[in-house]
Every structure is written in structure tokens, then in C-alpha cells.
Amino acid sequence: MAKAKAKPTRAQQTSPAASSKFDLVGGLRDAAIAALIAFLLAIPLLSERTVQEAGGLVLENRWWLAFTAAVLVFAGRLALNLFEQSRRNAGDGLRAAISRNTAWLGDTSRFLAPGLLVFAVILPIFPFSDRYIMDLSVLVLTYVMLGWGLNIVVGLAGLLDLGYVAFYAVGAYAYAIIAVHYDLSFWVCMPIAGVMAAMWGIILGFPVLRLRGDYLAIVTLAFGEIIRIVLLNWTDLTNGPNGISGIPRPTLFGLEFKPFGENTFANFFGLDYSPLQRIVFLYYVILALALLTCAVTIRLRRLPIGRAWEALREDEIACRSLGINTTNTKLTAFAIGAMFGGIAGSFFATRQGFISPESFTFIESAIILAIVVLGGLGSQVGVAIAAVVLIGGFELFRELENYRMLIFGLAMVLIMVWRPRGLIATRMPSVFLKDAKTIGADLVGEGHR
Amino acid sequence: MEYFLQQLINGVTLGSIYGLIAIGYTMVYGIIGMINFAHGDIFMVGAFISLIVFLAIIGLGITWIPLTLLLVLVIAMALTSIWGWTVERLAYRPLRESFRLAPLITAIGMSIVLQNFVQIAQGARVKPLQPIITGGYALMERDGFVVILSNIQILIVTTTVVLMALFSLIISKTSLGRAQRACEQDRLMASLLGVNVDRTISLTFVMGAALAAVAGLMYLLYYGVIDFYIGFIAGIKAFTAAVLGGIGSLPGAMLGGLIIGLIETFWSAYFSVEYKDVAAFSILAIVLIFLPSGLLGRPEVEKV
């Protein structure tokens with residue numbers, strides 16, 4: 001609250017006397033300036049479109065777009081100004097208002113978790129669960145698992161990893177290559193893929209984990225890109241940009257999900273074959289894997305290593321002073337996060353049956369990171385909800401291919417600005433004296449400013 | 001030898017472009033200690049604005065190339081600066097007091113916004129431009145291999161050197177530069193002594209964006225094709241250059257840019273084109289691990 005007060009808008013700076021009333025003139029002037037800036041921003045990029053024609057590029061004039069942008073910004077800025085002023089008259093700023101009005105998210109999250117779990121378990125028996133819904137649910141759960149995996153690294157240990165997709169890729173390719181070349185089943189390969197990813201996490205992590213937060217972020221980003229480029233160009237092993245196809249599907253204790261054949265699921269239980277059986281099976285596999293990730297995370301938080309992670313996130317120097325080996329602590333977080341990423345990757349490979357380097361671009365890392373950040377760094381339920389909202393939202397706006405990424409980016413900025421600790425921004429400390437107090441994360445500072 | 005010389009020329013040209021972008025990273029990191037992840041996309045926006053302004057000016061009938069380019073340069077610098085300012089105002093200033101990684105996350109968001117905005121507004125196709133500055137000098141010739149120093153390369157390197165000198169002067173001699181260095185040392189103290197910290201930081205972003213616009217124009221003239229995705233890779237490489245030269249140091253950014261440009265060119269020429277990005281990124285990791293303060297940077301003292 002104090003923060004919002006300490007930063008008066010330009011409207012207020014120009015007329016401090018009017019702080020108790022609506023300052024319409026100041027608000028209008030501020031909105032006009034914002035509109036002018038929006039217009040200047042829109043002039044070349046929005047109002048002129050370059051079009052390829054026979055003789056070369058020509059410009060196509062769309063001045064109305066620039067004016068529309070300016071008008072929209074004017075209206076939006078004015079509304080925001082007036083809203084903030086009325087808020088401030090009532091005693092607090094926009095940020096505090098949003099923080100308060102979304103606080104129920106944190107309160108309900110406690111009851112939300114069991115409810116969500118039950119819903120997830122019985123989802124396939126609902127009548128509306130057709131093939132489309134189940135496919136989407138499998139996708140969402142994959143991201144939930146990835147989010148929980150990355151949450152160990154970013155949310156608990158406080159290490160910003162922008163290359164998480166690299167481990168997802170390592171897991172997927174490890175499974176695909178082993179399964180295609182050595183004809184091993186999914187259940188054998190999945191742990192191998194997890195171990196491979198964890199190994200890469202250690203190899204990549206060991207040299208860089210002593211770096212400061214933002215340097216670490218950039219280096220992990222670079223590693224993510226390196227792995228993608230290697231996958232793209234190491235044609236002998238990965239088949240380059242064409243990817244690997246014909247990846248075997250998972251089986252249920254040797255029972256396959258195929259329309260015909262001896263040893264199929266439908267045959268064994270005397271059912272008619274339906275493609276939905278395979279999807280429901282995949283759904284339960286990824287649900288189990290995601291829950292495993294969650295359970296391991298919750299257990300680890302109670303162990304010394306988990307407590308060390310959280311301590312590290314809050315204050316690295318204090319940790320070092322208390323004798324915690326920060327490099328090893330970070331490395332375990334990195335490796336465990338990578339392992340879950342790799343397992344999710346092997347699931348992705350077996351679900352798709354086909355993988356190519358295109359599935360593992362930086363934007364994928366950004367989406368997973370956004371899930372963790374929007375969910376509230378460190379909150380398990382928050383991450384799950386954020387995954388449902390984000391991936392579900394992506395699916396809803398499927399036709400608006402580019403616009404949805406634009407909105408996604410904007411949402412990332414706005415949520416960070418207005419609710420920097422994510423939607424569910426309460427943290428229950430794992431360690432406490434006498435009674436557990438939920439800390440509103442807005443109140444918690446962070447070690448390294 | 002001729003081949004080597006040619007690659008050297010190409011590498012210096014590429015390095016100049018990286019250096020210009022790297023200055024934006026290094027100034028922002030120096031003053032507020034954050035990686036302006038969206039800076040690479042500001043460079044991309046600058047390239048697009050240059051392209052559009054160029055086409056518009058040609059459309060107006062001004063065809064004398066030096067005048068056209070000068071106009072494009074000035075207009076693109078001005079318009080791109082507004083983008084840089086806006087990004088700072090919207091995404092970074094509200095988070096000045098927040099936890100350290102918050103602005104980095106909004107920066108990634110901004111980068112996604114800029115890329116997709118340009119993609120929507122201008123289309124996803126690559127935008128080709130016919131060569132505007134042609135010709136050059138044949139420096140030497142042997143066995144049919146001619147070493148060419150083209151006019152565009154001369155232009156790029158000269159512009160870079162002039163702008164570098166100009167900006168170094170601004171930093172070292174003007175009151176704005178003094179304010180910037182004061183904010184870099186201690187923001188609170190600077191504000192107590194009457195420096196308008198917010199304004200100084202904004203101006204830093206404006207300067208960085210203006211230089212990125214120049215780099216965008218140079219990229220457009222040199223390669224002749226741009227698309228909405230060029231900012232990502234160029235941004236990481238320029239950041240590598242800034243780190244290599246010592247982050248916070250202007251000459252360091254230029255030196256780093258040159259080294260990265262040379263390494264990338266020689267790697268492509270003698271080893272493999274496919275892995276040239278891997279080379280650049282590996283250098284980033286190696287430098288950060290073994291030489292975190294860079295070539296010309298001050299070693300950072302950690303306060304406990």
C-alpha cells in the first residue's frame with residue numbers, strides 16, 4: 001500500500017492540491033500524453049504495412065489503426081487515472097486494490113487442492129469427457145507436471161531457469177532414441193530418460209550455478225538454445241529437422257492399445273475397442289506422473305534439502321554463513337527439476353509418437369515459466385490452476401494464433417506489475433515455531449534486492 | 001590469407017552491429033543492474049521502423065541516397081527511442097522496488113509482446129530490400145579470389161565509430177552522463193543530491209534504443225532481409241558481447257561486439273555454419289564462469 005502511495009501519477013504531481021477530489025484536468029492531460037505516445041508508437045509499425053509486390057516492397061496505408069490505438073489508449077488511461085484517484089481517495093492504490101480483491105484466491109486454495117484432485121481423478125467418467133476434452137486434459141496435465149518440476153528450481157530454490165525446455169527435450173529424445181533403436185518399453189525408458197535429463201542438469205548446472213540470478217537465467221537460456229541447435233544439426237542421431245517418428249506407445253502391463261491383435265487391452269478385458277481407451281490411459285499416466293512430482297516436492301520441502309532450498313531463495317548470504325553448501329543445494333534442485341522435466345518429455349514423446357526440435361523452442365520455456373510465475377512462485381495449487389488457465393486459454397483462442405501470444409506476453413507483464421508474487425501469493429512456511437502463519441507474499445521481501 | 005582477410009572485414013562489420021546493440025545492454029545493466037531482455041526486440045523494431053521510413057521517404061520522391069539514409073537514421077532513432085522509453089515505463093519502472101527477478105520476467109513478457117506485435121502488424125514473412133548501397137573496393141586479388149571492402153561495410157564501421165565516440169563523450173562530459181554515472185554508483189545517494197533518478201534511467205533506455213535503431217538500420221542495409229524474429233538471437237549475442245567486454249563498460253561493449261562478430265564469422269568460415277550460434281552461446285557460458293567481470297569491467301565486490 002505504501003508503495004502505491006509513494007508513486008504518484010503524473011496527474012497528481014502536476015496538481016498536488018487536488019488530491020482529495022477528482023482531478024479531471026490532470027487526468028485528461030495525462031491521458032492525452034499517453035495517447036500521443038501511443039500514436040507515435042503506432043505511426044510506422046501499425047499505420048503502414050509493408051506488402052510484398054512484384055516490384056519489391058510497397059507500403060499499405062492504414063492510418064485509422066494509429067488513430068484507433070491512440071483513442072483506445074486515451075480512454076484506457078483516463079479510466080485508469082480516475083479509478084486510481086477514487087481509490088486513493090478511499091485510501092489505497094490500484095495495486096493494493098487488486099491485491100485485496102484477488103486475495104480470496106489464496107484463501108480458497110486450501111480447499112481447492114483436494115477438490116481439484118478428486119475432479120481430476122474422476123474426470124474421464126463425466127459424460128462431457130469426449131476425445132477433445134481428454135486430449136486437452138492430457139496436454140494441460142503435461143504442463144502441470146512441467147510447472148511443478150520447474151517450480152522446484154524457480155519457486156523453491158529461487159533459481160531462474162530459462163532453459164527448462166532443454167531437459168524436456170533431452171527426456172523426449174532420450175526416450176525416442178532408446179525406444180526406437182533398442183525396442184524397450186516406455187516403462188523401462190521413462191526412468192532412463194529422467195536420469196539422462198538429471199545428468200544433463202548436473203553437467204550444465206555445475207559450472208554455472210555459482211552465478212548470480214540473472215546471469216544464471218541468461219546462461220540457462222543459452223544452454224536451451226544450444227541443445228535445440230544440436231538436436232537440429234546432429235542428423236545421425238536425431239534425424240535433424242525431420243524429427244523422430246514411430247515412437248512406441250506405452251502399454252498397460254504389456255497390454256497394447258490397438259484396434260486389432262492378440263495382446264490388446266480391449267481383448268483382455270473383453271471390451272470393444274475404442275480410441276478413447278488409449279487416451280484415458282494416457283490421461284491417468286500423466287496424472288500419476290504429475291502427482292508423483294507434486295508428492296516428491298511436498299516431501300522434499302520437509303527434508304533438510306528442501307528447507308535449504310527455501311532458505312537459499314530468501315537469503316543466499318545467510319545460507320552461506322550458516323554453512324549450507326550453496327552449490328550442492330542448487331545443484332540438487334536443478335537436477336531434480338531436470339529429472340521431472342525429462343520424465344515429462346518422455347511422456348510427451350510417447351503421447352505424440354513423433355518429436356522434432358520445433359517442439360522445444362524458447363517460447364516453450366517461457367510458457368512453463370509463466371505458469372510458475374502466474375501461479376505464485378512456490379505454490380503447488382497455484383501452478384496447477386495457472387496451467388489450466390493458460391493452456392485452456394490458449395486452446396480457447398486457438399484461431400487467434402498470434403494474438404494469443406501477444407495477450408500472453410501482456411498478461412505476463414501486467415500480472416508481474418500488479419501482483420508480483422503471482423495469483424496465489426500466499427506462502428506457508430515449511431518450518432515454523434509453534435503455529436503456522438500464512439504469510440501474504442506481498443509483505444515478504446527477498447534476500448538479494 | 002585473402003580468405004582470412006575477407007573474413008576479418010566481414011567479422012568487424014558484424015561485430016560493429018553487435019557492439020551497437022551491446023551498448024544498450026551494458027548501459028542498462030550498469031545503471032539498474034537488470035538484463036533488458038527486450039532490447040534485442042527493440043533492435044528488431046528499429047530495423048522494421050527503418051524499413052518503413054525508408055520506403056515512405058522513397059515514396060515521397062527523395063531519391064538522393066545519402067539524404068534518404070540520414071533522414072531514415074534520424075527518424076528511426078527518434079521513433080525507436082519512444083519504444084525503448086515505453087518499455088521501461090510500462091514494464092520496469094513499476095517493479096523498481098520489487099524482487100530482483102521480477103523485471104527480468106516482465107522483460108521476457110515484453111519481448112514476446114514486441115515480437116508478436118510486429119508479426120501481427122507487419123506479417124510473418126521475411127521482408128527483403130534491394131541493395132541500396134552497392135560497390136566497394138577490391139583490396140587485393142590472388143588466384144581469382146578478390147578481397148572486397150564494400151561501401152556498406154565502410155559505412156557501418158564508420159557510423160559505429162562515430163556514434164561510439166559521441167556516446168562516450170555524452171557519458172564522460174555532459175551532466176546527463178554524470179547523472180548516469182552517479183545513479184550507477186548509488187541510486188539513493190544520487191537522488192539525495194538532486195539527480196532525477198527516474199528521468200536518468202528513462203534517458204538511458206532512450207539512448208540504448210536509439211543505438212539499437214542504428215544497429216537495426218545497419219542490419220537492414222547489410223543483410224537486406226529482416227523478419228520479426230531477428231531480435232532474439234541478435235539480442236543474446238549482443239548480451240554475450242556486453243558480458244565479454246565487461247558489463248557496464250562502454251568500450252567493453254564495443255570490444256566484446258567485435259570479438260563476438262569475429263568469432264562468429266571465423267567459426268562459420270572455417271568450421272560450420274550450423275553451429276555458429278553454439279559457438280557464441282558457449283563463449284557466453286565460458287566467459288561468465290571464468291571471467292565474470294569481463295575483459296574491461298571492474299570486478300564486482302560482493303557486500304555481505
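Modeller: Start with helix length. The expected span of a helix is 1.5 Å times one less than its number of residues. Keep in mind that this is a predicted model.

Colleague: How many residues does helix H11 of chain B have, and what should they span?

Modeller: Helix H11 of chain B covers residues 276–290, which is 15 residues. At 1.5 Å a residue they should span 21 Å. The end C-alpha atoms are 21 Å apart, so the two values agree.

Colleague: And which residues of H11(B) are buried?

Modeller: Buried means 20 or more other C-beta atoms within 10 Å of the residue's own. In H11(B) that holds for B:Ala280, B:Phe281, B:Ile283, B:Leu284, B:Ala285, B:Val287 and B:Leu288.

Colleague: How do I read burial along a helix?

Modeller: Look at the spacing. An α-helix has 3.6 residues a turn, so residues three or four places apart point the same way. Now take the case here. The buried residues of H5(B) are B:Gln153, B:Ile156, B:Thr160, B:Leu163, B:Met164 and B:Phe167.

Colleague: What covers the buried residues of H5(B)?

Modeller: The cover includes four elements of chain B: helix H1 (2–32), strand S3 (145–150), helix H8 (197–223) and helix H10 (250–270).

Colleague: On to hairpins. In which sense do S2(B) and S3(B) run, and how many bridges join them?

Modeller: They run antiparallel, joined by six bridges. One pair to find is B:Tyr137 with B:Leu149 in S3(B). Two residues lie between the strands of this hairpin. In the turn, B:Asp143 has a positive phi of about 50°.

Colleague: How many residues of strand S2 of chain B are buried?

Modeller: Zero of its seven residues, 136–142. The strand is hardly covered.

Colleague: Why does S2(A) lie largely in the open?

Modeller: Because the number of buried residues among its six is zero.

Colleague: What is the overall make-up of chain A?

Modeller: Chain A has 19 helices and six strands. Of its 449 residues, 45% count as buried. Now consider sequence separation. Among the contacts in chain A with a separation of 6 or more, 73% join residues 24 or more positions apart.

Colleague: How do I read an interface?

Modeller: The size of an interface is often given as the accessible area lost when the parts come together.

Colleague: Which residues have the most contacts inside the largest nonpolar core?

Modeller: They are A:Ile286, A:Ile371, A:Ala387 and B:Val214, in a core of 229 residues. H8(B) gives the most to this core, with 16 residues. Domain 1 (2–98) and domain 2 (113–443) of chain A both give residues to this core, so it lies between them.

Colleague: What is A:Ile286 in contact with, leaving aside neighbours within four places in sequence?

Modeller: Its contacts are A:Val138, A:Leu141, A:Thr142, A:Met145 and A:Phe347.

Colleague: One last case. Why does A:Tyr284 count as partly exposed?

Modeller: A:Tyr284 has 16 C-beta neighbours inside 10 Å, so it counts as partly exposed. Its place is in helix H13 of chain A, residues 275–302.

Terms used
Residues numbered from 1 in each chain as written. Chains lettered and ligands numbered in written order. Predicted model: local features only at pLDDT ≥ 70, side-chain atom pairs only at ≥ 80, totals over all residues. Buried ≥ 20, exposed ≤ 12 C-beta atoms within 10 Å, placed from the backbone. Contact = placed C-beta atoms within 7 Å. Pairing = 2+ DSSP bridges. Core = buried A, V, L, I, M, F, W, Y, C linked by C-beta atoms within 7 Å. Domains from an automatic or database assignment.
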